[in-house]
Structures are given as C-alpha cells and as structure tokens.
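Here is a short report on a sheet and on one residue in a loop. Look over the model before reading on.

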Amino acid sequence: VDGNLLTGSIDFLWKLPRLEYAYLEENKFEGFLPTSISVTSPLLVNLDISGNKMKGTLPSDLFTLSALEILDLHANDFEGPLPSNVPTSNLKLTFVALHENSLTKAIPTQLGKLSSLQHLDLTNNLLSGDIPTELMNLKRLSLLYLAENNFNQGSIPT
C-alpha cells in the first residue's frame, strides 16, 4: 500500500504472525513498532515503513529476525539507541536504511556481525561517539552513509 498517503495505525500488522513482506512506505501511518518484533512477526523478510510518522524506540530484538533481508525505516520519528542484540547467525540482512530519524548514542560495535550487509544508511540522526572499527568486518558492504550525525572528532577507521 505504499505511496497512498493513508493514515491511522498499523498495529494490525503485529497481529499477523505469518507476515513476511510489508510495504507501507510514503503514507502517514502513526504508531510504534512492537517491543518484541521477533515474537509478533518472526517471519519478516522485508519491512519497509519509511516515510511515515512512526515513533518510539526500535525493538531490541530487531536484528534477531532470522529471515529479515531488507529493513527500511527511514524518514520517521524513531528515537533512542540502535539495537545491539545482533546474533552472528544473522546471515540474510543485506539492506538497512534508518536515516532521517532521531536515533541517539553510539553505533553498536555488534553491527559488525551483520556479515551479509551491503547497504547501511544512518545519515541525519543524532548518533554520537566513535565510528566503530568493527564495521570493517562488513566485507560485503558497498554503501555506507553516516553523514549528519554527532560523531567524535578524529580519524575515520580504516
């Protein structure tokens, strides 16, 4: 239902335990992601709710979704830290777009465990601290966007 300027809550999504693909970008949906998304939506392969009015914090188990390949939550009002619970068994996630939110604190070093990641966009948030050297473990990464944050001054990790 992308690009329709639909309004309201998408809480109904989290009552669909067999949901694999959700394309709801470029609407005016409001609400929160579930606290334990791996319980409510364990089969998610693609979650795109970018360009809406979603808010709150990201679920701490977001990166534990074993089937997740594409995660696009950009241009919302998400805040708080990035989840640091990243299992080494997450071999499918290739695309993460979290830009244009209000995410805070440091980039978790555990993101370096996302061995299949090809695209990581964290631009235009409130992230701080150092850019973790563990990101060099992302051997398949071809696009890395970190602009417009509040990182510490200093050199960029090789």
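A polar contact is a pair of N or O atoms within 3.5 Å; within protein, one must be able to donate a hydrogen and the other to accept it. The model is predicted.

**Asn-76**

Asn-76 sits in the loop between strand 6 (70–72) and strand 7 (77–81). Is Asn-76 buried or exposed? Asn-76 is buried, because its relative accessible area is 5%, and buried means under 20%.

| Side chain | Backbone atom | Distance |
|---|---|---|
| Asn-76 | oxygen of Ile-49 | 2.9 Å |
| Asn-76 | nitrogen of Asn-52 | 3.3 Å |

Leaving out residues up to four places away in sequence, Asn-76 touches several others, including Ser-50, Gly-51, Lys-53, Met-54, Glu-100 and Asn-101.

**The sheet**

Met-54 also has a place in strand 5, opposite Gly-31. Strand 3 (residues 28–31) and strand 5 (residues 53–56) pair in the parallel sense over 2 bridges. The open sheet holds 7 strands in the order 1-3-5-7-9-11-13, with parallel pairing. Strand 1 (7–9) and strand 13 are at the edges with a single partner strand each, so one side of each has no neighbour in the sheet.

**Strand 11**

Strand 11 pairs in parallel with strand 9 (residues 102–105) over 2 bridges. Here Thr-104 stands opposite Leu-126. Another 2 bridges join strand 11 to strand 13 (residues 150–151), also parallel. Gly-129 has Phe-151 as its bridge partner there.

Which side chains of strand 11 are buried? Leu-127 and Gly-129, which point to one face, are buried.

How values were computed:
Residues numbered from 1 in each chain as written. Predicted model: local features only at pLDDT ≥ 70, side-chain atom pairs only at ≥ 80, totals over all residues. Heavy atoms only, no water. Buried < 20%, exposed > 50% of the residue type's maximum accessible area, 1.4 Å probe, protein only. Helix = DSSP H or I, 4+ residues; strand = E, 2+ residues; numbered from the N terminus. Pairing = 2+ DSSP bridges. Contact = heavy atoms within 4.5 Å.
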